[in-house]
Amino acid sequence: MSTVIAVTNQKGGVGKTTTAINVAFCLAKMGKKTLLIDLDPQGNATSGLAFDKQELKKTMTDVMLDDAKLEKIIQITKFKNLSLAPTTAYLANAEVELSKVKGRFTRLKDATIAARGTFDYIIVDNPPSLGLLTVNGLIAADYILLPVQTEFYALEGVSQLLESMKLVKKAMNPDLDLLGVVPTMVDARTTLSVQVLEEIQKFFGSKVFETFVPRNVRLAEAPSHGVPVGVYDRFSKGAKAYKALTKEIVKRVEQ
């Protein structure tokens with residue numbers, strides 16, 4: 001059975017999709033058969049792996065509305081062991097429709113049942129909100145991976161996310177756990193970044209990964225080329241950070 005990890009933070013711009021893409025890629029490089037599910041209507045994980053949204057016939061919108069099986073929309077990427085369940089902006093409309101239907105909270109969980117027997121890891125890129133799509137991601141997941149940007153207000157809203165996690169755990173998914181917290185966009189040259197990193201470590205304790213993701217121009221450039229940073233520049237600080245982070249993730253999951 002595969003391990004399902006939901007990459008989640010209700011704040012935007014914290015490196016959530018960057019983390020989802022690069023962790024999925026690094027898992028695949030480690031020989032783990034990996035599926036990346038783009039559950040964010042912005043579709044950045046889809047375009048970040050060079051898929052043209054205009055050419056996609058079936059997406060996560062169809063899966064969430066029960067119009068297609070997950071396995072029917074999965075795209076094989078050009079990277080060995082890595083597959084993608086793509087999405088487009090239409091998923092935002094699906095969220096509105098979902099709010100009216102039966103079983104709206106467990107659509108993703110139900111959809112991933114078959115995939116759990118096919119993949120070693122399923123990474124879900126949740127939208128930056130606490131809406132119905134994110135709740136679906138949390139209910140379907142075994143773990144939450146929480147990227148937190150080391151900037152002012154970094155922890156704002158995190159307590160609300162953790163509260164939502166507790167509610168989901170209590171009511172719908174008793175096995176859900178916080179896998180770990182990833183400090184992102186760390187700039188060790190600035191006092192603020194270092195102070196916020198210390199604040200994150202104090203707040204989350206042992207849940208914080210030893211590896212943090214630095215502010216790195218290569219990470220910002222890679223998506224425009226449709227490749228993970230490990231392909232764009234495997235010697236960059238960003239690529240090395242995500243490789244080390246993924247090793248930590250596997251160690252925590254498989255220990």
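**Notebook: looking for pockets**

I looked up the largest pocket in this predicted model, and its volume is about 460 Å³. A pocket here is an open set of points on a 1 Å grid over the protein atoms alone, where a 1.4 Å probe fits, with protein on both sides within 12 Å along at least five of seven lines. Grid points are joined across faces, edges and corners, and the volume is the space filled by probe spheres set on the points.

Next I checked who sits around that pocket. It has 25 lining residues, and the closest to its centre are Val-14, Gly-15, Lys-16, Thr-18 and Met-185; lining means having an atom within 4 Å of a point.

Which helix gives the largest share of this lining? That's H1, with four residues. Helix H1 (16–29) and helix H10 (217–221) each supply at least two; helices are DSSP runs of H or I with at least four residues, numbered from the N terminus.

I sorted this lining by class: 11 nonpolar, 10 polar and four charged residues. Ala, Val, Leu, Ile, Met, Phe, Trp, Tyr, Cys and Pro count as nonpolar, Asp, Glu, Lys and Arg as charged, and the others, Gly among them, as polar.

Then I moved on to the second largest pocket, at about 270 Å³. Of its 14 lining residues, Phe-25, Cys-26, Lys-29, Arg-234 and Lys-243 are closest to the centre. H1 turns up here too, giving two or more residues, as do helix H11 (229–232) and helix H12 (237–254). H12 has the largest share, six residues. By class I got six nonpolar, three polar and five charged.

Local features need pLDDT of at least 70 and side-chain atom pairs count only at pLDDT 80 or more, while totals for chains, interfaces and linings use all residues, and side-chain values use heavy atoms, leaving out hydrogens and water.

Terms used
Residues are numbered from 1 along each chain as its sequence is written.
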